[in-house]
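This report describes one protein model, from the overall fold of a chain to single residues. The sequence and the structure come first.

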There are 4 protein chains.
Amino acid sequence: MSGSTFGKIFRITTWGESHGPGIGVVIDGCPAGICLSEQDIQDFLDRRKPGQSKYTTKRNEADSVEILSGVFEGKTTGTPISLLVRNQDHRSKDYGNIADLFRPGHADYPYTVKYGIRDYRGGGRSSGRETIGRVAAGAIASLMLRELGITVRAYTKAIGPHKVPDNDIHYDHIDQNSLYMPNNDVAEKAGAYISSLMSECDSCGGIIECLADGLPAGLGEPVFDKLDALLAQAVVSIGAVKGVEIGDGFAVSESLGSLNNDPFFSENGVISKKTNHSGGTLGGLSDGSRLIIRAAVKPTSSIARPQQTVTVSGENTEITVKGRHDPVIVPRAVVVVESMTALTLADLVLQNISSNMENIKKFYR
Amino acid sequence: MSGSTFGKIFRITTWGESHGPGIGVVIDGCPAGICLSEQDIQDFLDRRKPGQSKYTTKRNEADSVEILSGVFEGKTTGTPISLLVRNQDHRSKDYGNIADLFRPGHADYPYTVKYGIRDYRGGGRSSGRETIGRVAAGAIASLMLRELGITVRAYTKAIGPHKVPDNDIHYDHIDQNSLYMPNNDVAEKAGAYISSLMSECDSCGGIIECLADGLPAGLGEPVFDKLDALLAQAVVSIGAVKGVEIGDGFAVSESLGSLNNDPFFSENGVISKKTNHSGGTLGGLSDGSRLIIRAAVKPTSSIARPQQTVTVSGENTEITVKGRHDPVIVPRAVVVVESMTALTLADLVLQNISSNMENIKKFYR
Amino acid sequence: MSGSTFGKIFRITTWGESHGPGIGVVIDGCPAGICLSEQDIQDFLDRRKPGQSKYTTKRNEADSVEILSGVFEGKTTGTPISLLVRNQDHRSKDYGNIADLFRPGHADYPYTVKYGIRDYRGGGRSSGRETIGRVAAGAIASLMLRELGITVRAYTKAIGPHKVPDNDIHYDHIDQNSLYMPNNDVAEKAGAYISSLMSECDSCGGIIECLADGLPAGLGEPVFDKLDALLAQAVVSIGAVKGVEIGDGFAVSESLGSLNNDPFFSENGVISKKTNHSGGTLGGLSDGSRLIIRAAVKPTSSIARPQQTVTVSGENTEITVKGRHDPVIVPRAVVVVESMTALTLADLVLQNISSNMENIKKFYR
Amino acid sequence: MSGSTFGKIFRITTWGESHGPGIGVVIDGCPAGICLSEQDIQDFLDRRKPGQSKYTTKRNEADSVEILSGVFEGKTTGTPISLLVRNQDHRSKDYGNIADLFRPGHADYPYTVKYGIRDYRGGGRSSGRETIGRVAAGAIASLMLRELGITVRAYTKAIGPHKVPDNDIHYDHIDQNSLYMPNNDVAEKAGAYISSLMSECDSCGGIIECLADGLPAGLGEPVFDKLDALLAQAVVSIGAVKGVEIGDGFAVSESLGSLNNDPFFSENGVISKKTNHSGGTLGGLSDGSRLIIRAAVKPTSSIARPQQTVTVSGENTEITVKGRHDPVIVPRAVVVVESMTALTLADLVLQNISSNMENIKKFYR
């Protein structure tokens with residue numbers, strides 16, 4: 001079944017394996033008339049590109065994007081936008097030894113059961129490089145949202161136990177440290193933590209937070225395509241994400257109705273909420289306040305330590321994963337979470353237009 | 001945009017408002033040949049029915065289901081199954097006073113912005129009664145799964161701060177207390193907690209856990225329709241759910257690769273995992289071990305205390321929500337989470353069949 | 001696989017068997033704010049209701065529709081609209097003799113192979129009564145289109161060899177004869193033709209033509225969801241339709257480019273075409289001129305003559321189809337073709353809105 | 001709205017403009033384990049490639065395909081297959097003069113209204129080159145079908161008035177003449193006819209017929225996704241197709257039930273039909289006999305004669321279309337019709353598997 005497509009109107013289809021000729025995405029349903037250059041997309045891809053700091057894989061990829069269709073004289077034309085990133089520095093021989101083994105924490109085993117065949121080189125389709133298509137498409141979604149006054153930004157909320165306190169967030173720090181944390185001090189400690197894990201051939205996880213501002217109320221489609229429900233799918237579909245929260249998230253389970261409800265108030269004709277425990281959604285629709293989501297990211301599964309596993313023919317054995325791996329994928333996944341959020345919002349922004357007849361009439365008259 | 005449909009092959013479309021003539025669901029894509037009676041569905045509906053304990057709304061609904069199509073001589077025929085539950089005890093007059101107000105924590109405000117019109121009676125489409133369609137369909141999905149040896153069960157993991165410890169779970173207790181908790185002692189304390197909140201006109205939330213056993217490896221469709229991603233959408237689409245976790249969930253953010261990876265081992269030709277931190281998924285596909293998901297449920301938004309809000313015309317005011325409301329919706333939402341899990345699995349079980357050519361050939365020869 | 005759903009935004013799901021409790025449809029994605037009563041829908045259903053003339057089945061069905069959801073105080077609310085028509089006069093015993101036989105021209109044989117079980121009573125799901133859902137939904141689509149100045153109307157172009165000439169069409173005649181022909185003289189001859197076939201226990205087919213006026217240019221979504229492509233699916237999905245044409249249709253195969261191209265011209269700032277060989281579409285998009293489609297309808301398969309066939313266990317035998325059948329289904333299918341056209345257009349009208357950014361900006365500001 | 005995707009399980013998304021960097025397609029949902037090489041696809045593309053006879057455009061394109069993903073060691077892996085064909089011989093300057101004009105018979109006008117922007121070079125997305133993606137994907141669908149014993153073949157049934165009689169079809173002739181006609185004598189006359197039109201700067205149309213053999217009964221999904229309905233969409237979505245027929249097609253409108261019904265008979269335990277007026281479908285499902293469809297193709301719209309038209313700013317003018325155009329597109333469209341048929345069948349073959357529980361159980365046990 002075709003699971004490589006996301007969205008109903010603003011709709012992307014990604015493809016590509018880690019060590020195949022390339023990775024790409026087709027965006028269908030992007031409205032015509034948006035200014036778009038390869039550089040706009042490259043800026044996003046550069047944020048997830050490997051080799052940017054000592055905390056990321058040494059695989060050396062330019063990840064240069066080529067626009068193959070859908071743009072004419074610098075503007076989108078409303079037809080499908082096809083984007084291609086060629087793979088370059090793939091050392092498939094690093095992976096020869098895993099052809100016959102199932103790596104713990106990886107998709108090797110269920111892929112083999114499901115498909116009967118597996119491109120084991122670099123994880124094939126289940127590699128983190130799969131997210132290139134998401135990010136390239138997310139760049140375009142973000143451009144579209146920006147034209148409507150909507151901005152999306154994500155950052156690293158925590159690396160292992162090193163968490164940025166809610167009351168000590170500095171957005172200007174985000175691009176000042178290689179971990180994309182909104183607090184340089186915490187980032188420094190987190191960096192030291194990662195370094196120590198690297199020396200032990202171990203890895204860690206963390207939490208990514210994503211905010212969207214400028215959203216009109218009413219985005220999301222009841223019942224199953226609610227804004228928060230689609231965001232949950234979008235974010236959990238990113239490899240290594242094991243949990244997602246909206247607003248106060250799991251903390252609501254210990255709150256009270258009298259505390260958790262956000263009171264409405266009106267000022268100068270504008271309706272707002274006094275608090276935002278809900279994280280920007282009510283009944284699954286955007287409520288006009290800031291959208292807040294968090295994703296829990298597991299520790300990188302590829303570690304250069306011996307681990308117990310089995311061969312494809314079912315014999316017990318040990319594996320030590322070689323190759324060039326990130327000790328923590330959180331920093332590079334920040335832009336992926338941001339992209340998936342932007343894609344979800346872009347699609348719902350377009351879906352929302354046909355909600356009521358008054359607006360449709362204006363469009364056609 | 002049509003958001004009332006869930007699933008690609010095993011596909012449901014729900015409809016209905018709290019105070020309209022009825023609530024229902026159409027299930028299309030259910031395989032032919034499954035034994036199905038109205039009682040099979042009623043058993044599920046009775047688990048979410050109001051009025052079953054002192055902790056639930058006093059609204060008195062039989063919630064009797066009628067099968068309108070798709071079943072012939074006690075078996076499904078492969079054609080759409082239409083199910084209808086008539087609303088009976090709707091006291092719309094209780095809601096007259098909210099026609100002009102936005103209830104905090106509810107969907108009233110964004111619905112009004114989105115649609116320009118709102119069926120305010122009992123929350124209309126955004127009422128908890130909307131889940132009747134999910135549960136009725138979930139009953140059929142569960143029947144189908146059972147024929148394949150797959151079982152799904154959910155229970156209340158926590159009510160407010162009263163949590164059942166992982167090492168003290170008693171499945172046989174689940175149906176012995178009205179909170180559907182797998183520990184009667186915790187349930188008793190949780191019951192006292194709820195009672196005290198009721199006397200204060202307040203409400204609380206909790207956590208629902210859901211397990212699925214008997215899953216073959218390989219369920220889920222990369223990249224966006226991964227098993228965990230669709231479960232996340234399914235569960236977060238339930239009103240009041242603010243977070244979802246798979247396996248160790250948010251705890252992975254503080255774990256290490258060396259601890260979090262589940263080692264494989266082989267015994268008598270069967271491949272298994274020594275631990276199950278992943279909660280039954282690898283790379284977004286089922287890995288053959290138990291599936292574990294958790295949902296965080298917020299406190300009931302309707303509380304009989306004065307809250308600050310605004311009128312539809314934008315004036316600041318106060319509201320005290322009348323009507324008959326649950327002080328905590330967790331117990332009644334247990335079967336909803338179980339149903340959404342079953343629906344997700346049923347769909348992916350069918351999608352999975354066409355994954356590889358060897359199996360397809362067997363089917364056609 | 002779920003094949004009972006049509007449309008992407010304005011999306012319908014039909015259900016129901018000929019001799020089950022009822023027939024119905026859920027319309028999801030209908031914009032809020034459209035005035036809608038049961039009578040609006042009943043008017044459409046009455047046009048396909050049996051028993052209206054001597055040329056139709058004697059089955060006596062009121063086909064009364066009940067709105068179960070999605071309408072509040074006389075207006076659509078943007079939530080799913082569920083419609084129910086109860087079956088009343090089903091004489092299932094008439095069908096006892098076909099339980100073990102495959103009726104020639106009917107779906108009995110492939111249904112049995114596909115599903116392994118078949119509701120043989122009155123054809124079950126493959127009965128013509130299945131179209132009730134389409135027509136009920138088509139009524140709502142037509143209402144929506146009318147608010148945008150778009151009108152759709154269908155009529156009988158031919159019954160057997162009795163064809164209304166292109167240059168002798170009288171729209172005012174359509175409702176003056178029971179065959180819905182735009183020419184009373186041809187209708188009279190066609191009526192005599194049908195009567196003679198009835199006395200011979202035989203049946204005939206015909207051609208239905210459908211026109212849509214008031215369409216803006218640009219409706220349809222390249223490449224696969226072109227206006228004409230989706231209309232073709234919509235119309236051929238109606239039982240008994242064996243062909244579909246747009247504009248000059250099959251005649252274009254013998255035309256020349258110099259004759260078939262419709263020249264553009266401009267008058268008072270309005271761009272139009274001098275001719276309309278294309279039938280209102282260019283490149284699969286509406287071109288602003290009248291939409292013209294035609295459907296070829298086969299003779300009713302149920303005839304009260306002995307026919308050769310086989311039993312479900314594979315023995316050669318003879319069958320004489322009993323029951324109450326139309327000698328020609330064309331007149332009753334007219335409103336079905338009209339409904340499917342309206343549904344296709346309604347969906348594409350909504351899809352079209354998000355085509356370009358300038359319009360989207362207007363909506364959000 | 002995203003209209004560049006076709007199919008539900010075997011699902012393709014095409015992209016690309018006539019004069020952009022390239023054209024391509026992503027196939028998602030193709031089962032794993034099918035042997036696939038670039039040559040397999042190239043063989044199909046070569047049948048639609050320009051410059052193969054004096055009756056086709058002189059545009060010189062190798063149309064070489066590159067497989068970018070989804071194939072490993074010569075076999076499909078179940079992940080998306082991305083195919084790329086670079087454009088080479090695009091002389092965009094030929095099209096400079098149409099930037100400001102609407103070509104009669106082309107999509108220029110409605111594209112401009114819809115999107116506000118138009119890649120006028122070679123027709124952009126609405127060029128015939130768009131079909132490259134369909135044919136490349138169709139090659140893979142055909143390979144898959146062949147593994148199940150299903151074969152699809154199309155040919156030119158008529159060029160203008162030169163029609164191959166039903167009783168004089170020679171399949172071995174199809175590849176012996178450049179018009180892909182199953183009768184060399186008719187092909188010769190048709191060739192002379194085309195030559196005479198070329199000398200008059202005119203163009204003609206024709207009819208393509210497509211057959212599929214080896215189909216099991218039961219393919220197709222009631223109600224809207226019937227085999228014939230989806231074939232109708234598939235075929236009419238090809239530019240220039242103005243009509244489609246299944247089996248006897250429009251002729252059924254003048255037939256009788258007693259003649260048009262195909263009697264069943266049984267021989268050696270196999271159920272068959274004595275005739276095949278239905279063209280291989282009953283109730284919209286395959287009935288086990290040969291599938292027969294026909295498409296009416298209009299004369300090429302681009303003709304080197306002066307035609308009346310308007311400028312984008314609405315002034316009346318004349319246009320003479322330059323560039324390199326086919327006097328008839330029928331021969332090159334043969335493989336496109338065959339591909340769309342194969343794609344439709346491949347998808348329905350996969351959808352059909354989940355129709356009944358007995359088969360599903362076999363798969364999982």
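Helices (H or I, at least four residues) and strands (E, at least two) are DSSP runs, numbered from the N terminus. The model is predicted: local features need pLDDT of at least 70 and side-chain atom pairs count only at pLDDT 80 or more, while totals for chains, interfaces and linings use all residues. Residues are numbered from 1 along each chain as its sequence is written, chains are lettered from A and ligands numbered from 1 in the order in which they are written, and side-chain values use heavy atoms, with hydrogens and water left out.

**Chain A as a whole**

The secondary structure of chain A consists of eight helices and 18 strands. Along the principal axes, its C-alpha atoms fill a box of roughly 65 × 50 × 40 Å. The radius of gyration of chain A is 21 Å, which agrees with the value near 21 Å for a compact globule of 365 residues; it is taken over C-alpha atoms, and the globule rule is 2.2 Å times the number of residues to the power 0.38.

Of the 365 residues of chain A, 69% are buried, where buried means under 20% relative accessible area, exposed over 50%, and partly exposed in between (1.4 Å probe, protein chains only). Among contacts (heavy atoms within 4.5 Å) between residues of chain A at least 6 apart in sequence, 69% join residues at least 24 apart. Chain A carries 38 positive and 42 negative side chains, and the centres of the two sets lie 3 Å apart. Lys and Arg count as positive and Asp and Glu as negative, without His and the chain ends; the place of a charge is NZ of Lys, CZ of Arg, CG of Asp or CD of Glu.

**Relations between copies**

B:Q233 is one of the buried residues of α5(B). Ten of the ten residues of this helix (residues 227–236) are buried, so it is largely enclosed by the rest of the structure.

**Backbone exceptions**

Most residues other than glycine have a negative phi, and most peptide bonds are trans. The table lists cases that depart from this.

| Site | Backbone feature |
|---|---|
| A:P222 to A:V223 | cis, omega near 15° |
| B:P222 to B:V223 | cis, omega near 10° |
| B:C201 | positive phi of about 55° |
| D:Y180 | positive phi of about 55° |

A:V223 is in the loop between β10 (206–213) and α5 (227–236) of chain A. B:C201 lies in the loop between α4 (184–199) and β10 of chain B and is partly exposed, at 33% relative accessibility. D:Y180, in the loop between β9 (162–163) and α4 (184–199) of chain D, is buried at 15% relative accessibility.
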